[in-house]
Amino acid sequence: YLALDIDAFDPATAPATSTPEPGGLTWLQATSLLREVFSRTNVVGADIVEVAPTPGFQCTEFLAARLGAKMIAYRKA
């Protein structure tokens with residue numbers, strides 16, 4: 001089981017979270033890491049947590065949705 005915490009991302013990438021991490025992950029670092037994890041292990045479930053929606057500012061929610069889609073694609077590959 002894989003739990004992905006959005007606050008691991010740099011606030012420039014995912015600002016709408018409860019505890020932003022300056023210098024955190026970028027999109028390319030995260031997808032590279034996910035690709036490696038899915039290629040080496042049998043991931044049977046996953047979740048994405050710590051998204052704190054901000055009205056009128058949907059980039060963090062969009063990032064979480066795209067990460068979910070990537071995880072599904074990596075699982076099927």
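In this predicted model, Met71 counts as buried because its relative accessibility is 6%, and buried means under 20%. Met71 has its place in helix α2, where, leaving aside residues up to four places away in sequence, it touches Leu2, Leu34, Phe38, Ala46 and Ile48. Thr13, by contrast, lies 58 residues from Met71 along the chain, and the C-alpha atoms of the two are separated by 18 Å.

In soluble globular proteins, nonpolar side chains tend to be buried together. The largest nonpolar core here has 14 residues, and those with the most contacts inside it are Leu2, Ile6, Phe9, Leu34, Phe38, Leu63 and Leu67. Two or more residues of this core come from each of β1 (2-5), α1 (27-40) and α2 (59-76), with α2 giving the most, 5 residues. Leu67, when residues up to four places away in sequence are not counted, touches Leu4, Ile6, Phe9, Trp27, Thr31, Leu34 and Ile48.

How do the two helices lie against each other? The axes of α1 and α2 come within 10 Å and cross at roughly 30°, which makes α1 roughly parallel to α2, since angles under 35 degrees count as roughly parallel. The crossing in which α1 passes α2 is right-handed. On the α1 side the contact is made by Trp27, Thr31, Leu34, Arg35 and Phe38, while α2 brings Leu63, Arg66, Leu67, Lys70, Met71, Tyr74 and Arg75.

Terms used. Residues numbered from 1 in each chain as written. Predicted model: local features only at pLDDT ≥ 70, side-chain atom pairs only at ≥ 80, totals over all residues. Heavy atoms only, no water. Core = buried A, V, L, I, M, F, W, Y, C linked by side-chain atoms within 4.5 Å. Buried < 20%, exposed > 50% of the residue type's maximum accessible area, 1.4 Å probe, protein only. Helix = DSSP H or I, 4+ residues; strand = E, 2+ residues; numbered from the N terminus. Contact = heavy atoms within 4.5 Å. Axes fitted to C-alpha atoms, helices over the stretch in contact; angles between N-to-C directions. Parallel < 35°, antiparallel > 145°, perpendicular 65-115°, else oblique. Left-handed = near helix turned anticlockwise from the far one by under 90°.
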